[in-house]
Amino acid sequence: MSAETGDVELVGDAAASNLARAALFAALIGAFAYVSFPNPVSPAPVTLQVLGVFLAGILLGPVWGGAACGLYLLAGALGAPVFAGGSAGLGVLVGPTAGYLWSYPFAAAAIGVVVHGGTSLVDPKSVGLARLVGAMVLGVIVIYTFGVVGLMVVQNLGPVEAFVGGAAAFIPAEALKIAAGVGIVRSDAIAATA
Amino acid sequence: MLSYEPGDSFVHRLDPRAKLAVQVGFALAAFAHTTPRGLVILTALAGCVLAAARLSPIAALAEARYALPFLLAGPAIAAFTLGPPWIALSQAVAPALASYRVLLVLAVSVVYVRTTRVRDSRAAIQRLVPGRPGRFLGVGVALVFRFLPVLLADLSRTRAAMRARLGSERGLIERMGIVTSAGIQRAFGRADRLGVALRARCFAWNPTLPALRFTRHDLPALGLAAALVGWAFV
Amino acid sequence: MIEVRNLVHRYNGTGGSSKSGQESTADRDDATETKPRPAVDGVSLTIDDGSFVVLAGPNGSGKTTLVRQFNGLLDPDAGTVSVNGQPVTTDVVAARTAVAMTFQDPRDGFVAATIGADVAFGPENLGLDRNEIDRRVADALAAVRLDDRENERIDRLSGGERARVAIAGALAMAPDHLVLDEPFAGLDEPARQSVLDRIRALHADGTGIVVVTHDLRDLVDPADRVLVMNEGRVALDAPPAAAIGRLPDLGVRAPC
Amino acid sequence: MIEVRNLVHRYNGTGGSSKSGQESTADRDDATETKPRPAVDGVSLTIDDGSFVVLAGPNGSGKTTLVRQFNGLLDPDAGTVSVNGQPVTTDVVAARTAVAMTFQDPRDGFVAATIGADVAFGPENLGLDRNEIDRRVADALAAVRLDDRENERIDRLSGGERARVAIAGALAMAPDHLVLDEPFAGLDEPARQSVLDRIRALHADGTGIVVVTHDLRDLVDPADRVLVMNEGRVALDAPPAAAIGRLPDLGVRAPC
Ligand SMILES: Nc1ncnc2c1ncn2[C@@H]1O[C@H](COP(=O)(O)OP(=O)(O)OP(=O)(O)O)[C@@H](O)[C@H]1O
Ligand SMILES: Nc1ncnc2c1ncn2[C@@H]1O[C@H](COP(=O)(O)OP(=O)(O)OP(=O)(O)O)[C@@H](O)[C@H]1O
Ligand SMILES: O=C(O)CCCC[C@@H]1SC[C@@H]2NC(=O)N[C@@H]21
Ligand SMILES: [Mg+2]
Ligand SMILES: [Mg+2]
């Protein structure tokens with residue numbers, strides 16, 4: 001549809017709704033930061049952020065899923081209380097969990113590429129179980145690689161120390177999130193979105 | 001929940017770009033000078049920043065509470081050795097300094113969040129990142145601020161709905177699935193309606209940008225930022 | 001029987017008193033500094049089995065906050081609620097079995113994507129066997145005239161149909177009391193009448209009914225009792241005929 | 001002036017016809033296999049500048065679908081819409097400034113966290129200069145009696161205040177016509193009256209008004225014209241006095 005008055009360059013319909021979805025998904029990942037379960041072996045609780053990242057890649061695809069995670073980080077840096085424990089600010093992006101946070105856009109994009117086989121979207125329900133689980137496992141590997149490197153740099157730890165101190169305690173919970181992710185995508189809870 | 005609080009301190013009146021520059025400079029300097037001497041200087045500086053924002057150090061630390069366990073665990077793990085003498089304090093020194101510098105950086109960023117309106121942050125983004133990417137980021141950030149409380153309320157209403165019909169009798173994974181999928185369904189519904197609302201108000205790539213102007217007031221902050229960046233690279 | 005004694009509920013944090021009013025902003029800033037008035041501020045009342053109560057009152061007067069304590073969805077700051085003689089806090093499962101509820105926005109109450117799965121959710125949690133669950137779902141859907149539509153997706157329904165699914169979900173709990181929070185918002189006239197018909201029929205079969213609404217049209221006849229809340233207190237509690245004349249003073253439109 | 005000629009709109013894909021009805025389910029399955037009836041099915045009408053139109057009709061009759069084509073938010077499958085003599089498709093910015101719209105739930109339409117930032121959004125998109133934007137925001141807020149409250153957070157407002165902020169956001173586009181989709185849903189009586197007051201005042205100042213609603217109370221007086229839709233067509237188009245008697249047959253409750 002053309003726009004004439006003055007020099008107003010209207011944002012196209014598709015771009016407007018993709019932006020709306022990416023922003024709402026970013027807010028949803030933020031809301032999932034508040035859904036936490038005590039972690040028996042670590043003082044930091046397990047949160048659902050990572051499940052939000054999985055689903056961003058699966059449901060929005062690599063481009064918009066990655067963009068949603070990018071918006072999440074930027075909004076948090078500028079003060080939206082979207083990080084774990086309701087925290088916010090640029091400092092968190094260079095804090096102990098910085099590696100995890102910076103990994104989210106990459107993890108969502110990687111998951112999106114695997115699930116959709118590229119950048120054009122397919123119905124996630126039609127994707128095989130192995131591929132779905134494989135994509136999320138890849139996501140977990142990306143997230144923990146960044147996360148451990150982040151701890152090494154920020155906290156000045158060796159790789160084993162960083163893994164034991166900041167990663168090992170969370171990994172069992174990721175299996176539950178992958179299971180929940182598969183359940184959600186496969187159930188009729190999510191209507192075909194793409 | 002950490003958020004903006006209105007006020008009229010020196011820092012409140014600064015241009016958001018100047019505040020962002022100070023934060024970046026401070027973080028660079030802190031990572032470049034993680035030495036006892038560097039950290040003493042940075043501690044004094046952080047104290048000045050907190051004072052200029054009229055924020056108490058205790059309040060700033062309270063906002064960094066999620067990071068505290070990690071900050072304490074780092075040095076503790078580093079000190080532990082497999083085999084006698086089990087505890088080697090010398091190994092914990094570098095990680096302890098690292099933890100402390102992170103604490104300082106967190107405190108300075110708490111100041112930014114407490115003193116800067118969403119609208120100003122958004123304006124800063126759109127000035128710093130030109131063109132369509134800046135527009136995408138600016139509007140996107142505003143929408144995250146706008147919808148976070150809405151989606152949180154949606155999640156808590158779904159949990160109430162489960163409780164009302166005795167969903168507490170179900171297992172953890174099942175409850176997690178119910179809350180998550182309800183959250184996604186509602187977020188998508190809201191996104192679709194929002195997309196229409198944006199178009200109704202002529203959502204454009206080239207809008208009038210929110211007003212932002214450096215003043216003389218910002219000079220000390222910009223000078224400090226430049227000095228910090230310079231120091232980080234010597 | 002639901003018995004409420006000296007109930008007080010105060011929301012902490014933001015959003016409290018400031019959401020309620022049409023008042024000007026002049027003293028708004030001071031208001032946020034002092035402690036906000038409780039949303040429910042000392043309410044005592046008894047609702048008998050099988051009675052039909054209409055609960056009215058302006059936006060923010062505390063209607064939703066009050067009814068949510070009938071089955072322990074909110075905990076009071078002071079006072080007590082008992083259902084069938086037992087405090088809600090000692091047996092919340094019994095309270096939620098006896099008092100079923102639909103929410104102001106029906107979308108807030110759904111936990112599943114399809115009609116049948118959502119209505120079955122409550123009975124499944126009661127640990128009933130599969131046949132009994134199926135029977136209850138079928139009965140509840142028949143009661144709201146949605147038989148044979150179990151497999152349809154809730155997000156494709158019209159507003160009126162959504163409201164009826166929510167009612168079916170509550171009915172399937174076979175409650176003693178059914179609490180409906182603004183069941184008519186956004187419904188057209190035929191849908192409104194069909195929901196009203198179901199409510200009347202359930203009441204005739206012995207279920208106690210509590211309807212929260214701003215809009216009393218067609219409710220004066222079936223109701224035993226009209227309660228009006230104002231600023232967290234019960235401002236009026238009377239039979240419909242006696243209540244009508246006093247409604248306009250309390251910010252509620254009298255039906256005509 | 002808004003001119004609509006032979007307009008047809010059909011939603012494709014799922015959700016179309018099945019959302020609409022209160023009808024029984026008997027032949028529903030066949031219906032989804034054949035092509036669904038269009039949501040708007042051949043509508044022609046002309047809305048003059050400065051007129052006050054009430055658009056009623058049951059759930060799913062096509063009201064929202066129709067008004068969204070007035071400014072190109074939906075594209076027709078057949079037929080045309082012109083605003084001020086120009087087809088909407090040739091200059092959609094002109095159409096969206098001439099015809100501004102609020103949505104059924106105002107919360108869905110807000111793009112910013114505070115009142116002032118939200119109202120400024122439209123004028124900013126038009127590329128106006130900062131002073132003109134500030135003037136428009138101030139005027140729009142004055143028109144809905146929310147002067148000096150630019151910095152308040154929208155999520156702390158009452159329902160009536162929220163509805164008025166949404167109206168201010170539309171007014172800041174300086175429209176010829178203001179289209180309000182169910183502006184009264186969920187409002188209590190005082191809030192309803194305050195929104196009505198503002199609408200009447202805007203109309204008195206020359207803005208054309210289109211109110212989509214199920215509930216005609218208090219609208220008969222100010223309206224010039226009542227339109228009732230049914231199954232995608234205009235079933236009635238008459239001055240209020242003449243329209244009232246025919247409403248009940250069309251699934252709309254007559255005000256009393
Ligand atoms: N979750 C909440 N957090 C904080 N305050 C709340 C919350 N819910 C309600 N309130 C406040 O409590 C008061 C009573 O609210 P309640 O929802 O019970 O009113 P209501 O009578 O149901 O109104 P309505 O007709 O608008 O539904 C209001 O002032 C409201 O702003
Ligand atoms: N996004 C959509 N996708 C598919 N079908 C839709 C969509 N929106 C509306 N419909 C269908 O189009 C028809 C007209 O809907 P519309 O929303 O215009 O009705 P309405 O008169 O505004 O109803 P209400 O009073 O419930 O708001 C209905 O049958 C509805 O189910
Ligand atoms: O918001 C933050 O500060 C980041 C928190 C990072 C949490 C990590 S992500 C992987 C792992 N799984 C969890 O549940 N938490 C940690
Ligand atoms: Mg309520
Ligand atoms: Mg509609």
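**View 1. Cys202(B) and Cys69(A), two buried cysteines of the predicted model.** Cys202(B) has a relative accessibility of 0% and therefore counts as buried, the cut-off being under 20%. Cys69(A) is also buried, because its relative accessible area is 0%. A disulfide is a covalent bond between the sulfur atoms of two cysteines. Over all chains, the count of disulfides comes to 0.

**View 2. Crossing of helices H1(A) and H2(A).** H1(A) spans residues 13-32 of chain A, and H2(A) spans residues 49-77 of chain A. Their axes come within 9 Å and cross at roughly 145°. The crossing of H1(A) past H2(A) is left-handed.

**View 3. Residues in the contact between H1(A) and H2(A).** From H1(A), the contact includes Leu19(A), Ala22(A), Phe25(A), Ile29(A) and Phe32(A). H2(A) contributes, among others, Val53(A), Leu59(A), Trp64(A), Cys69(A) and Tyr72(A). Sorted by class, the contact has 17 nonpolar, 4 polar and 1 charged residues. Cys69(A), the buried cysteine of the opening view, is thus one of the residues that H2(A) brings to this contact.

**View 4. Residues 14-34 of chain C, a stretch with pLDDT below 50.** Chain C has a mean pLDDT of 85, and 91% of its residues reach 70 or more. Over residues 14-34 of chain C, by contrast, the pLDDT is below 50. Beyond near neighbours in sequence, this stretch has 27 contacts in the model. For the complex, the predictor gives an ipTM of 0.87 and a pTM of 0.89.

Definitions and conventions: Residues are numbered from 1 along each chain as its sequence is written. Chains are lettered from A and ligands numbered from 1 in the order in which they are written. This is a predicted model: local features need pLDDT of at least 70, side-chain atom pairs count only at pLDDT 80 or more; totals for chains, interfaces and linings use all residues. Side-chain values use heavy atoms; hydrogens and water are left out. pLDDT is the predictor's confidence in each residue, from 0 to 100. Contact means heavy atoms within 4.5 Å. Axes are lines fitted to C-alpha atoms, for helices over the stretch in contact, and angles run from 0 to 180 degrees between N-to-C directions. Helices (H or I, at least four residues) and strands (E, at least two) are DSSP runs, numbered from the N terminus. A crossing is left-handed if the near helix is turned anticlockwise from the far one by less than a right angle, and right-handed if clockwise. Ala, Val, Leu, Ile, Met, Phe, Trp, Tyr, Cys and Pro count as nonpolar, Asp, Glu, Lys and Arg as charged, and the others, Gly among them, as polar. A disulfide is a pair of cysteine sulfur atoms within 2.5 Å. Buried means under 20% relative accessible area, exposed over 50%, partly exposed in between (1.4 Å probe, protein chains only).
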